[in-house]
Amino acid sequence: MPRFPTVLFDLDGTLIDSIELIIDSYLHAFTVHGLPPLTREVIVAGIGTPLRTVFREMGGSAVEIETWIASYREYNLTYHDQRVRPFPGTVEMVRRARAAGCRLGLVTSKNRHGAERGLRLVGLEGIMEVIVGADDVEHPKPHPEPVARALQTLGTAPADAVFIGDSTHDIHSGRGAGVTTIGVTWGPFTREQLAPAGPHYYCGSPTEVLALLEV
């Protein structure tokens, strides 16, 4: 029997390597609209934060913010399929968990359309029983609402679920919703960077995750 009946995953930085594309998408939007560019370090630190939250912090009217987001998404979608790849072993990790009888869900700061495209690209289309994107909630990660929404949809108690993610936003969201959390370090963030959020466990590879899940 799996250790956790329900396994929730983050997407970017956890299942798929889209980090460089995210950075370039931001830089494209900054250039097109004459915005002061954020540094690479600041962009990476904000990965996992919804686009609207990031651009809102840069000022501008509601109309301008939507225009900036549109430029980001246009660039991102144009190059998405060329540049996004699964991290080694992550597709097998998800499939192993599913084969062991775990119920699976995706909790992401992307909107639903973008998340579904990413899953389809790496061969995981249809494997998630629930997808909660930034456009499905009022309060995105690090608020607990996205994880809580996934649990509610699945009818799963927090004690029976684990949330696997690569950022402090994921860990805060999972802990706030009362689930066990796993911070993975094969994405853009190190163990030291994740530590302030207090994940219950750290894993450096999908193999370690599978061992922890007992699947």
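Reader: What percentage of the 215 residues of the protein count as buried?

Author: This is a predicted model, in which local features need pLDDT of at least 70 and side-chain atom pairs count only at pLDDT 80 or more, while totals for chains, interfaces and linings use all residues. Residues are numbered from 1 along each chain as its sequence is written, and side-chain values use heavy atoms, with hydrogens and water left out. Buried means under 20% relative accessible area, exposed over 50%, and partly exposed in between, with a 1.4 Å probe and protein chains only. By that rule, the share of the 215 residues that count as buried is 49%.

Reader: What radius of gyration does the protein have?

Author: The radius is taken over C-alpha atoms, and the globule rule is 2.2 Å times the number of residues to the power 0.38. For 215 residues, a compact globule would come out near 17 Å, and the protein agrees with this, having a radius of gyration of 17 Å.

Reader: How many helices and strands does the protein have?

Author: Both are DSSP runs numbered from the N terminus, where helices are H or I with at least four residues and strands are E with at least two. Counted in this way, the protein has ten helices and eight strands.

Reader: How many aromatic pairs does a search of the whole structure find?

Author: Rings of Phe, Tyr and Trp (its six-membered ring) pair if their centres lie within 6.5 Å; planes under 30 degrees apart count as stacked, over 60 as edge-to-face and the rest as tilted. With these limits, the number of aromatic pairs found in the whole structure is six.

Reader: Why does the pair of Tyr26 and Phe30 count as stacked?

Author: The ring centres of Tyr26 and Phe30 are 6.0 Å apart. These two residues are four residues apart in helix H1 (residues 19–33), and therefore about one helical turn separates them. The pair counts as stacked because the planes of the two rings meet at 25 degrees.

Reader: Is Phe30 buried or exposed, and which kind of pair do Phe30 and Phe55 make?

Author: Phe30 counts as buried, at 1% relative accessibility. The rings of Phe30 and Phe55 have their centres 6.3 Å apart and their planes at 75 degrees, so this pair is edge-to-face. The pair links distant parts of the chain, 25 residues apart, with Phe30 in helix H1 and Phe55 in helix H3 (residues 51–56). To take the two parts of your question together, the answer is buried for Phe30 and, for the pair, edge-to-face.

Reader: What covers the buried residues of H1?

Author: The buried residues of H1 include Ile19, Leu21, Tyr26 and Phe30. Contact here means heavy atoms within 4.5 Å. The cover includes strand E2 (16–17), helix H2 (40–45), H3 and helix H4 (62–83).
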